[in-house]
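Please keep the model open while reading.

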Amino acid sequence: MSKRIPLEELESYLWGSATLLRTNIDAGAYKQYIFPLLFFKRICDVYDEETTLAFEKYGDDAREFSDDELHLFVVPKGYHWNDVRETTTDVGLSIITAFRKIEKANGNKLTGVFGDAAWTNKNRLPDKLLKDIIEHFSTKTLSLANCPEDELGQGYEYLIKKFADDSGHTAQEFYTNRTVVHLMTEMLKPRSGESIYDPTCGSAGMLISAIAYLKNKGAEWRNVSTYGQEINSLTAAIAKMNLFLHGVKDFHIVNDDTLKSPAYIEKGQLMQFDMCLANPPYSISQWDRESFESDKYGRNFLGVPPQGRADYAFIQHILKSLKPNTGRCAILLPHGVLFRNEEGAMREALVKSDLLECVIGLGPNLFYNAPMEACILVCRTNKKPDRRGKVLFINALNEIARKKTFSYLKKGHIEKITQAYDSYFDSKNFAKVVTIKDISNNGFSLSLPLYVKNNETEIIDSRKLDDCLATWKEASDNLHRSLGNINEMIRKGDKL
C-alpha cells in the first residue's frame with residue numbers, strides 16, 4: 001500500500017542520510033556517496049513498483065514480458081537494493097558492484113551515472129557506517145506512488161542546496177542560485193518541442209527549470225530535448241541523476257571541457273539550439289587560449305579573451321550555438337564583463353553584432369559564497385524589428401532580498417524584471433532602451449549607471465544586526481581560509 005511522503009518529511013529523510021557521514025567524510029564529499037545511493041534506491045523501488053503493477057494488470061502473463069518492456073531501468077538479478085542490504089561484510093564492494101552491473105544492463109542510459117567514489121576504502125567508509133546509511137535509506141519506499149517525480153526532484157534540489165551550504169567554497173561548481181535561474185527561464189520562455197542547452201550545466205538545474213516552466217504552464221514538455229556539458233565528472237553524474245529524478249527522459253549530458261572539446265558537433269560545426277541558459281565558471285585563467293586563437297568552430301568571432309578571464313570565450317561559444325531564427329540565451333556573469341578594459345574590443349564587437357538584447361544588473365551575493373554583483377546578458381539571433389539596433393538596460397541592484405549571508409529574488413522581483421524585459425520600454429530609475437549609437441558614445445561600455453540613473457545612492461540593506469554580523473564572519477572566515485591556502489602553497493614551494 002502506498003504512503004505519500006510529505007515534502008518536509010522527504011527533505012528530513014534525505015538530509016538524515018548525509019548527517020551519518022559527518023564524522024568520516026568531509027562535507028564537500030557528501031554528494032559523492034549520498035546521491036548515488038539515493039538514485040540506486042529509487043531505481044530499485046520503482047523497479048519493484050513496475051513489477052507489481054504489471055502482475056496486477058496482466059497476471060501471470062507478465063512473466064512473458066522482458067525487463068526492457070516492463071521497466072524504465074533494468075535491475076539485474078542479485079544486484080537489487082535488497083541484495084546489497086543483506087550484505088554484512090565488504091559492503092562497499094557490494095555497492096559498487098551493483099552500480100556497475102546496473103550501468104551495464106541499461107546500455108548507454110546510465111553510463112557513469114553512479115560516479116567513481118572510493119566505496120571500498122574501509123578507513124573512510126567502514127562496513128558499519130555503510131550499513132547504517134543503507135538502513136536509513138531503507139526506512140522509506142521511494143516508489144512513484146509514494147514520491148512522484150516532481151516531489152523527489154524537489155527533495156533532490158533541497159539536498160543539493162544543503163550540500164552547497166555545508167561545503168561552502170566548493171558549491172559554485174554544481175549550484176546556481178535557483179531564484180536567478182527562474183528569472184532567466186521566465187525571460188526566455190521555453191516552448192514545447194524546442195532544444196535547450198547549457199554548456200556548463202553543473203547539476204542541470206537550468207535545464208530542469210526550463211522543463212518546470214512548461215509543466216507549470218500546462219504545456220507539453222516531454223518533447224523538449226535537453227543538452228548539457230559539464231567538465232567535472234561527479235557533477236555530470238549528478239546532472240544525469242537530477243534529470244532522471246525529475247522525470248526527464250530526453251536528455252544528453254556529456255562530461256568534458258566545453259571550451260577545449262565541445263560535445264555537440266554536426267557536420268563539423270557546433271550544433272545549434274533554440275535556447276541556452278548558462279552560468280559559466282567566472283573569470284577562469286586555466287584554459288587553452290592558444291587553441292582558441294585559431295578555433296576551428298569560429299568561436300573567436302568577437303575576439304580572443306585574455307588568459308586571465310575566459311568569460312568572453314564562453315559567451316562566444318554560446319552565441320555560436322544558437323539557431324539563426326529562434327536562438328536566444330540568458331547568461332549569468334560577473335559584472336566585470338560589462339566594463340573591463342581588456343575586453344573592450346570584444347564588447348564593442350558584441351554590441352555592433354546586434355545580438356545583445358538586454359543587460360540586467362543584479363545585486364551582490366547572488367553568486368554562491370561570493371559577494372560580487374552579477375549580471376545577466378540576454379542575446380537573440382533574430383530580434384523583433386522594433387528592438388533591432390537597441391539594447392535594454394535594467395538596473396535591478398535593489399531588486400533583492402537577503403537572509404543572513406544568502407541573497408535571493410522574491411517572486412515580485414522576478415515579475416518586475418520580466419515585465420520590464422517583455423515591455424521593452426523605459427521605466428524611470430529602473431529600465432532604459434538605448435541605441436547602439438548611444439553605447440558607442442560611451443566607448444561601448446555596458447556599465448549600468450551610464451544608462452539607468454538610480455536616484456538611490458546606495459542599496460537599501462534591511463538586514464538585522466545579527467545577519468550583518470553573520471555576513472561579516474563568513475567573509476572573515478573565507479579570508480582566513482584563503483590566506484591559509486596561500487601560506488600552504490608558499491610553504492610547499494619553499495620545499496621545492
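By class, the lining of the second largest pocket in this predicted model has eight nonpolar, eight polar and 10 charged residues, where Ala, Val, Leu, Ile, Met, Phe, Trp, Tyr, Cys and Pro count as nonpolar, Asp, Glu, Lys and Arg as charged, and the others, Gly among them, as polar. This pocket is lined by 26 residues, and H182, I208, S209, A212 and N216 lie nearest its centre. A pocket here is an open set of points on a 1 Å grid over the protein atoms alone, where a 1.4 Å probe fits, with protein on both sides within 12 Å along at least five of seven lines, and lining residues have an atom within 4 Å of a point.

Helices are DSSP runs (H or I, at least four residues), numbered from the N terminus. Helix 9 provides the largest share of the lining, nine residues.

Elsewhere, L14, W15, S17 and A18 in helix 1 meet Y30, I34 and L38 in helix 2, contact meaning heavy atoms within 4.5 Å. By class, this contact of helix 1 with helix 2 has six nonpolar, one polar and no charged residues.

Residues are numbered from 1 along each chain as its sequence is written. In this predicted model, local features need pLDDT of at least 70 and side-chain atom pairs count only at pLDDT 80 or more, whereas totals for chains, interfaces and linings use all residues, and side-chain values use heavy atoms, with hydrogens and water left out.

Technical notes
Helices (H or I, at least four residues) and strands (E, at least two) are DSSP runs, numbered from the N terminus.
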